[in-house]
Amino acid sequence: MRCQQCDKQAMFHITELETGDVREIHLCEDHARVYLNQAEANGEAAEGGSSSGALGVGQTAEELSELDQKVCDMCGITFFEFRNQGRLGCPHDYVQFEQELEPLIANIHGAVEHVGKRPQRAAPAPGAEPLPTATESLTSVIGLRKAIREAIEHEDYEQAGTLRDEIQQRLDAWRAAAEPARKVSPEQPGTAAGESG
Amino acid sequence: MKLDALTTSNGEWLRGTGPEADIVMSSRVRLARNLAQYPFVGRATEQERTEVEQFLHSRLTQVPVGGKLEYLDLGELEELDRQFLVERQLISREHAEAVGARAVAIDAQEQVSLMINEEDHLRIQCMHSGLDLHAVWDQVSAVDDEIESVVPYAFHDRWGYLTACPTNVGTGIRVSVMLHLPALVITRQIDKVFRSLHKISLAVRGLYGEGSQAFGDFYQISNQTTLGRTEQDLISQVADVVPVLIDYERRARDFLLQETEQNVHDQVSRAYGILRTAQTISAEETMQLLSRVRMGVLLGLIDDIDVAGINQLLVRTQPAHLQKLRGVELETKDRNIERARYLRQYFESKAADVN
Ligand SMILES: [Zn+2]
Ligand SMILES: [Zn+2]
């Protein structure tokens, strides 16, 4: 049996007893954890009257449906789609939905701040400009690629070309900035850009 | 192709060497990573998935990741070969069954496996035989550094490494050890152990089958959270509990020997008897019986075969391995007959060796 929220195998089969109604829920391990965490936080909130905790707690149906309609500027996923699938659409979602994700992430991990390993490009060579570790400038390329598809749909090939150049510039800028930070310099500088237009 | 060479080797996770190998089958760490410039796999277009695969393929050949990598395009492989890689624990079941551009790169030792376009763009896995988590971490982290020097990982100052599922965000790390705990199962202490592990937020799952129903008494312990603690911390969380579990299992084995030796000797001998004489046998039953025999060998109740041999059988009697060894695709029914024949031949040749 498949998980109801993704296509992994369902490992948890939960029976929910709601007033006069029995509901079967089949979830994979990850989704079961999210689900159970939410259920627990909902229960706690109901008992303690606190509005913190899981997503949806203390929010009216109206607020929830408004929230569900939030859209990622880059990949176009709605918060509703994310809640249904349990998978985010792109790295930018963590920025766009930061406020909405925070209680959910706090529930899953009991923390809201990364403290582990960071990309080494955070530590630049002596004298070099520090590179931002966050990758937002590159993530914006996702939106541009979507815009290209839309331009082509409208047969606006000029616009598509302009956008393609823009993507290339951003990727080149990243590579130019990243390369001095590399421990070993590449044998052939400027090999495969990785963007096959 | 390289897959055929793998058929006759044993794979890392059942090599049966390394510290505490009588109980700890393997230690594994995997890191979830994504490219900043593409949507996550589940939302990427076919074109984007193909680009991700090509981009990572070209980059992975630029970095010296533990020697030469064998790069396998999963879409081009037969289903049997993908299943084989799953049994080998070099790719996940989901990765095998998915559609679209996806691949895996494996090092010659079968310790490192780089899964491309699984749930995340890249999953870096490293696995050693026995209890060896800290060495595994050093290796997987070094591979991660190498790749990071040529690949723009999606990273956020606050959230860390960004993953398709929020359950993996932050470190993106999953630390797991595979344990063989037959005595805890027989003495019915296993559920109690699991409950205590859940309390310290560690996950337990059986090697095969659904839920906590594990065939062959093999269990995997892993961390559940990935954010807010360092990788070292999360590794210690798992590593610290393993000696305790080893101790429990050893005590349970001692108990079985001291208090119920006749009983346990009987169980083990019967299991051994079935494996040597069965005419048809499923993969599940084989694993169950091999588990008992493995324990019998470790308890000194069986002395004409060794643990290495049992480990080898645990791999080779799995469906895809069996079919590849025999060089034919077989239906379940024929597989069960072939499996029984394989087992009988193995034990007969062992007996001939001894004489
Ligand atoms: Zn799921
Ligand atoms: Zn997005």
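Author: Gladly. A search of the whole structure, which is a predicted model, finds zero disulfides over all chains.

Reader: Why is Cys90(A) called buried?

Author: Buried means under 20% relative accessible area. Cys90(A) has 0%, so Cys90(A) counts as buried. In chain B, Cys165(B) has 1% relative accessibility and therefore counts as buried.

Reader: How is chain A built, and what share of its residues counts as buried?

Author: Chain A has seven helices and two strands, and the order from the N terminus is β-β-α-α-α-α-α-α-α. Of its 197 residues, 39% count as buried.

Reader: How do you know how much area is buried between chain A and chain B?

Author: The size of an interface is often given as the accessible area lost when the parts come together. Here that area is about 5,400 Å², with carbon and sulfur atoms giving 50% of it. On the side of chain A, Tyr94(A), His109(A) and Lys117(A) lose the most area to chain B, together 15% of what that side buries. The contact takes 61 residues from chain A and 62 residues from chain B.

Reader: How many salt bridges and polar contacts cross between the two chains?

Author: The rule finds nine salt bridges across the interface of chain A and chain B. It also finds 24 residue pairs in polar contact there. By class, the side of chain A that touches chain B has 27 nonpolar, 15 polar and 19 charged residues.

Reader: What makes Glu102(A) and Arg158(B) a salt bridge?

Author: The cut-off is 4 Å between a side-chain nitrogen of Lys or Arg and a carboxyl oxygen of Asp or Glu. The closest N and O atoms of Glu102(A) and Arg158(B) are 3.0 Å apart, so the pair qualifies. This pair crosses between chains, from helix 5 of chain A to the loop between strand 6 (155-156) and strand 7 (160-161) of chain B.

Reader: Are those two partners buried or partly exposed?

Author: Glu102(A), with a relative accessible area of 31%, is partly exposed, whereas Arg158(B), with 17%, is buried.

Reader: Why can you say that the pair of Arg250(B) and Glu20(B) ties together parts that are apart in sequence?

Author: Their closest N and O atoms are 3.1 Å apart, in a salt bridge. Arg250(B) lies in helix 8 (residues 231-277) of chain B and Glu20(B) in the loop between helix 1 (2-8) and strand 1 (24-33), so the pair ties together parts that are 230 residues apart in sequence. Arg250(B) is partly exposed at 33%, and Glu20(B) is partly exposed at 33%.

Reader: Which residues are linked in a network of salt bridges?

Author: The network links Arg87(A) with Glu118(B), Glu119(B), Asp120(B) and Arg123(B). Over all chains, the count by this rule comes to 28 salt bridges.

Reader: And why is Tyr342(B) called buried?

Author: Tyr342(B) has 12% relative accessibility, under the 20% cut-off, so Tyr342(B) counts as buried. Tyr342(B) is found in helix 12 (residues 332-354) of chain B. Not counting residues up to four places away in sequence, Tyr342(B) touches Leu313(B), Arg316(B), Thr317(B), Leu322(B), Leu325(B) and Arg326(B).

Definitions and conventions:
Residues numbered from 1 in each chain as written. Chains lettered and ligands numbered in written order. Predicted model: local features only at pLDDT ≥ 70, side-chain atom pairs only at ≥ 80, totals over all residues. Heavy atoms only, no water. Contact = heavy atoms within 4.5 Å. Buried area = accessible area lost by both parts, 1.4 Å probe. Polar contact = N/O pair within 3.5 Å; in protein donor to acceptor, adjacent residues only side chain to side chain. Nonpolar A, V, L, I, M, F, W, Y, C, P; charged D, E, K, R; others polar. Disulfide = S-S within 2.5 Å. Buried < 20%, exposed > 50% of the residue type's maximum accessible area, 1.4 Å probe, protein only. Helix = DSSP H or I, 4+ residues; strand = E, 2+ residues; numbered from the N terminus.
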